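User: I have a model open and a few packing questions. Can you take a look?

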Amino acid sequence: MASDTAMDLRVERKPKLSETVVAALRKQLQAGEIQPGQKLPTEGQLTETFGVSRTVIREALAKLAADGLVEPRQGAGVFVTEHISTMFGALAADMGSKDSIALNVLEVRLAIEIESAGLAAIRHNAAQEAAIQEAFFEFERLLLNGEPTGPADLAFHRAIASATNNPFYIEMLDVLGRRAIPCDVTSPWSTELAQSDSYQRGLQREHLAILNAISAGDAEAAREAMRAHLSASQQRYRERLHARQVFYADSVKAAATE
């Protein structure tokens, strides 16, 4: 079984220069280094910064525009689009505990990402498949090094959303932001269970099933693999929430008898 998995993992990776630029700019956007509404550096400045050709920069900017992250304006340049993800910060305090938030987010992701996986299976091109594979391998690398895997996990799901060639799937994930991936140790929705090696190994096995189905162009298998992945996460959090409720009820009962 292990040898079969190893064979599945032997996929040739062909990273593109434009993808490197996209990843770097996306990281700056997520970190708030480039604010919504702000103009990006010119093509010439970006060419010097990244040491690549104007063609590579244009390809990267086109990708970011397709993802809905930037917006070219005739005669003015390229600007960061305005996002509504800050709305979720104000709502978070009213959504209950960490577990309740995770369950709410997973419910939304089930509605979005099952079809996203199916569409990715039939619409993806070679570059998009490579991006999904790259995120998968990055998760594996971080896991082996004992580093937080959340960014790679989110990148995996974003790459699938991108492969639908429908930018609104990516936009929905970007609105959820870090709330979409509670397994990262840096996430405020993380738990000891989600941070364990065995838990994340399980996630990676589920990721592999999704990746294989998309690579095979099997839309139905991709949908089922994504459904199984998110449903399993949902069930794990339900069990945790139930355990906390039982603990609370027992504590109240014990206090009443003292």
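Analyst: What follows covers a buried serine, the nonpolar cores and a helix pair. This is a predicted model, where local features need pLDDT of at least 70, side-chain atom pairs count only at pLDDT 80 or more, and totals for chains, interfaces and linings use all residues. Residues are numbered from 1 along each chain as its sequence is written, and side-chain values use heavy atoms, without hydrogens and water.

User: Is Ser 233 buried or exposed?

Analyst: Ser 233 is buried, at 7% relative accessible area (buried is under 20%, exposed over 50%, partly exposed in between, with a 1.4 Å probe and protein chains only).

User: Which helix is Ser 233 in, and what does Ser 233 touch?

Analyst: Ser 233 sits in H12, residues 219-257 (helices are DSSP runs of H or I, at least four residues, numbered from the N terminus). Beyond four places in sequence, Ser 233 touches Leu 106, Tyr 199 and Leu 203 (contact is heavy atoms within 4.5 Å).

User: What does Ile 210 contact?

Analyst: Leaving aside neighbours within four places, Ile 210 contacts Phe 156, Ile 160, Ala 225, Met 226 and His 229.

User: And how do the residues of the H2 and H4 contact divide?

Analyst: Among those meeting are Val 21 in H2 and Leu 64 in H4. The contact has 9 nonpolar, 1 polar and 3 charged residues (Ala, Val, Leu, Ile, Met, Phe, Trp, Tyr, Cys and Pro count as nonpolar, Asp, Glu, Lys and Arg as charged, the others, Gly among them, as polar).

Technical notes:
Helix = DSSP H or I, 4+ residues; strand = E, 2+ residues; numbered from the N terminus. Core = buried A, V, L, I, M, F, W, Y, C linked by side-chain atoms within 4.5 Å. Axes fitted to C-alpha atoms, helices over the stretch in contact; angles between N-to-C directions.
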